[in-house]
Amino acid sequence: MNDMTDAAQSSPIPFKVAGDLQLSDLRAALAAGWNDFLAMPQFGLFFGALFALGGIALAYATIWLGEISWLIPAVAGFPLLAPFLAVGLYEVSRRREYGIAVDWPAVLGAIRGRGHDQILSMGVLIFVGFGFWVIIAHLIFSVFLVEAGAGSESLEFLITPMGLAMLAVGSLIGGVIALVFYAVTVISLPMLVDREVDFLTAIFASLKAVRDNSVVLLIWAVCIAMLLALAFSLAFLGLLVVVPVLGHATWHLYRRTIATVPPADESV
């Protein structure tokens, strides 16, 4: 396809949300994401490196400053920002699929979406949500730190019984917040890259997709969490590959989930 196709995707075309996703769709999305990464590795490595450097900076700050009641929550919540960072990866996959030239200005400019700064509005929501998580986690940490008494403001505290209990409670609450983030963004952000819709319409489509395909999309969420955890454990270097592959794969999963509704005079 050409730029005429690109323009056509910018129009508010009616769509429907598929409710029949299968595990085979996840495998197909990962395979397509891997192919996109291999075809355009410069973009994937760039965004993967940005994410890795952000994680390394937060980890270094945690160790250097020792303010674990603030910095550990920031490190734990950092992956919540990944969907916003992946916008450029969605654009790479979109352009490859539609046969449109892929270049740096277009990829870096994808944050504008199809117009009206809807992706930036989503970004504000994501960063507000991230700030909310950091504040909630800080309160949880502070309660446990007070209970533990003096000398607990150190990384060694995390391996004490009180520290492990704190991590368990924080992980439980953080998991709920992460699930909400996931349900809101998994379809909405690639949709805003692809179509001229407002961010509320995109959010509702994402929530409907998760509701109607709860088992498959929850498995996808677990896959994302496990792959990101593995990438973090490899001194953040695994993020150079995992982040772009997951980003590209999410685009293809979105394409499987959101279908264009034909005009009334066409067969369905």
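Which residues line the second largest pocket?

1. The lining is made up of Met 122, Leu 125, Ile 126, Gly 129, Ile 177, Val 180, Phe 181, Val 184, Thr 185 and Ile 203. H8 and H9 are the elements that give two or more residues to this lining, and H9 gives the most, with five.

2. This is a predicted model, in which local features need pLDDT of at least 70, side-chain atom pairs count only at pLDDT 80 or more, and totals for chains, interfaces and linings use all residues. Residues are numbered from 1 along each chain as its sequence is written, and side-chain values use heavy atoms, with hydrogens and water left out.

3. The second largest pocket holds about 170 Å³ of space. A pocket is an open set of points on a 1 Å grid over the protein atoms alone, where a 1.4 Å probe fits, with protein on both sides within 12 Å along at least five of seven lines; lining residues have an atom within 4 Å of a point. By class, its lining has eight nonpolar, two polar and no charged residues.

4. The largest pocket has a volume of about 1,000 Å³. It is lined by 38 residues, of which Pro 79, Leu 80, Ala 178, Ala 225 and Leu 228 are the closest to its centre.

5. At least two lining residues of the largest pocket come from each of H4 (68-77), H5 (82-85), H8 (118-148), H9 (161-185), H12 (214-233) and H13 (239-257). H9 gives the most, with 12 residues. Helices here are DSSP runs (H or I, at least four residues), numbered from the N terminus.

6. The lining of the largest pocket divides into 30 nonpolar, eight polar and no charged residues.

Methods. Grid points are joined across faces, edges and corners, and a volume is the space filled by probe spheres set on the points. Ala, Val, Leu, Ile, Met, Phe, Trp, Tyr, Cys and Pro count as nonpolar, Asp, Glu, Lys and Arg as charged, and the others, Gly among them, as polar.
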